[in-house]
Amino acid sequence: MRIVHPGTAAVLVASAIATGCLGGGSHPDVATVPTTGVVVTVGGPAPGAPAPIPGVELRLVGAGGSVNVRADRRGRFTADLAPGTYRVAITGHGPTANGQPMQPTPDTIRVPHAPGHPLRLAVSIK
């Protein structure tokens, strides 16, 4: 998996190792790739260093189906995903703004055909 650099975003949602299965739309003939990541925040009050978001809940939605994952106490998550592109959304236990979960940047990831580097996403905290 490739590292995705978030640009100027202030909260990082980093690599997680996913061992779950695709929900509903999974296909038994499609090989999955172990995918890892970690979810962190960046920004906010000084010093604004990256900090893990323990227990954050994510939903990854791709052409072959979707999977819900929950990060551990260090902000790490794991899932087995079919190769392809996935939209990423924080669905719970993360930072909020106006009562809604703040979302990572970028909000899409690409899972290659072979395992690689952990994912890295960002959510801006002001």
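A: A salt bridge here is a side-chain nitrogen of Lys or Arg within 4 Å of a carboxyl oxygen of Asp or Glu. Keep in mind that the model is predicted.

Q: How many salt bridges does that rule give?
A: The count comes to 3 salt bridges.

Q: Which side chain does Arg 70 meet in a salt bridge?
A: That of Glu 57, at 3.0 Å from N to O. Arg 70 lies in strand S6 and Glu 57 in strand S5, so the pair ties together parts that are 13 residues apart in sequence. Glu 57 is partly exposed, at 23% relative accessible area.

Q: And what does Arg 87 pair with?
A: Arg 87 forms a salt bridge with Asp 107, also listed at 3.0 Å, N to O. Arg 87 belongs to strand S8, while Asp 107 sits in the loop between strand S10 (100-101) and S11, so this pair links parts 20 residues apart in sequence.

Q: What about Asp 72?
A: Its side chain meets that of Arg 76 in a salt bridge of 3.1 Å. Asp 72 is partly exposed at 29% relative accessibility, and Arg 76 is partly exposed at 41%.

Q: Switching to the largest nonpolar core: which residues touch the most other members?
A: Leu 58, Leu 60, Leu 81, Tyr 86 and Ile 109, out of 19 residues in that core. Strands S5, S6, S7, S8 and S11 are the elements that each give two or more residues to this core.

Q: Last one: is Thr 35 buried or exposed?
A: Thr 35 is buried, with a relative accessible area of 1%. Thr 35 is in strand S2 (residues 33-38), and a polar atom of the Thr 35 side chain lies 3.0 Å from the backbone oxygen of Val 33.

Technical notes:
Residues are numbered from 1 along each chain as its sequence is written. This is a predicted model: local features need pLDDT of at least 70, side-chain atom pairs count only at pLDDT 80 or more; totals for chains, interfaces and linings use all residues. Side-chain values use heavy atoms; hydrogens and water are left out. Helices (H or I, at least four residues) and strands (E, at least two) are DSSP runs, numbered from the N terminus. Buried means under 20% relative accessible area, exposed over 50%, partly exposed in between (1.4 Å probe, protein chains only). A polar contact is a pair of N or O atoms within 3.5 Å; within protein, one must be able to donate a hydrogen and the other to accept it, and residues adjacent in sequence count only if both atoms are side-chain atoms. A nonpolar core is a set of buried Ala, Val, Leu, Ile, Met, Phe, Trp, Tyr and Cys residues joined through side-chain atoms within 4.5 Å.
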